[in-house]
Amino acid sequence: MAMKKVVFIVAGGEIGDAAFFREQIEEVAPAAVICADSGASHLKTAGLVPDLLVGDLDSIAGETLRHFEKAGCRIVRVPYFLGAFRVH
């Protein structure tokens, strides 16, 4: 039987309790944590660093982006016009 891997994808919007979110990540131990655009602020608030930050990065504060760059997070900028990661 193949082992299933869990990946957390964090987008913008309301996340609720940052401590609960952090506990879930610790409990589930996902294979990866990916955030899309403004989801980065949720992870920063929770004190977590994603494995990957992806998006056009238009909704991320410069300080938050620099924080994750310094933390060694892989960042993939996707032009807005591609729209593949746009959450509405």
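A residue counts as buried under 20% relative accessible area, as exposed over 50%, and as partly exposed in between. By this scale Lys44, at 27% relative accessibility, is partly exposed. The model described here is predicted. The protein has three helices and four strands, which follow the pattern β-α-β-α-β-α-β along the sequence. Of its 88 residues, 33% count as buried.

**Salt bridges**

- The count of salt bridges comes to two.
- Glu63 is partly exposed, its relative accessible area being 43%.
- Arg77 and Glu69 also meet through their side chains in a salt bridge, at 3.5 Å from N to O.
- Arg77 is exposed at 52% relative accessibility, whereas Glu69 is partly exposed at 40%.

**Helix H1**

- Ala18, Phe21 and Ile25 are buried in H1.
- Viewed down the axis of H1, the buried residues fall within an arc of 60°, and they therefore line one face of the helix.
- Glu26 and Glu27 are exposed on the other side of H1.

**Negative surface patch**

- Asp17, Glu23, Glu26 and Glu27 form a negative surface patch.
- Within this group, Asp17 lies in the loop between strand E1 (7–10) and helix H1 (18–28).
- Asp17 has a relative accessible area of 48% and is partly exposed.

Definitions and conventions:
Residues are numbered from 1 along each chain as its sequence is written. This is a predicted model: local features need pLDDT of at least 70, side-chain atom pairs count only at pLDDT 80 or more; totals for chains, interfaces and linings use all residues. Side-chain values use heavy atoms; hydrogens and water are left out. Patches are made of residues with over 30% relative accessible area and no salt bridge: like charges are joined within 9 Å, nonpolar side chains (Val, Leu, Ile, Met, Phe, Trp, Tyr) within 5 Å. Accessible areas come from the Shrake-Rupley method with a 1.4 Å probe; for residues, only the protein chains shown count as cover. A salt bridge is a side-chain nitrogen of Lys or Arg within 4 Å of a carboxyl oxygen of Asp or Glu. Lys and Arg count as positive and Asp and Glu as negative; His and the chain ends are not counted. The place of a charge is taken as NZ of Lys, CZ of Arg, CG of Asp or CD of Glu. Helices (H or I, at least four residues) and strands (E, at least two) are DSSP runs, numbered from the N terminus. Buried means under 20% relative accessible area, exposed over 50%, partly exposed in between (1.4 Å probe, protein chains only). The arc is that of the directions from the helix axis to the C-beta atoms.
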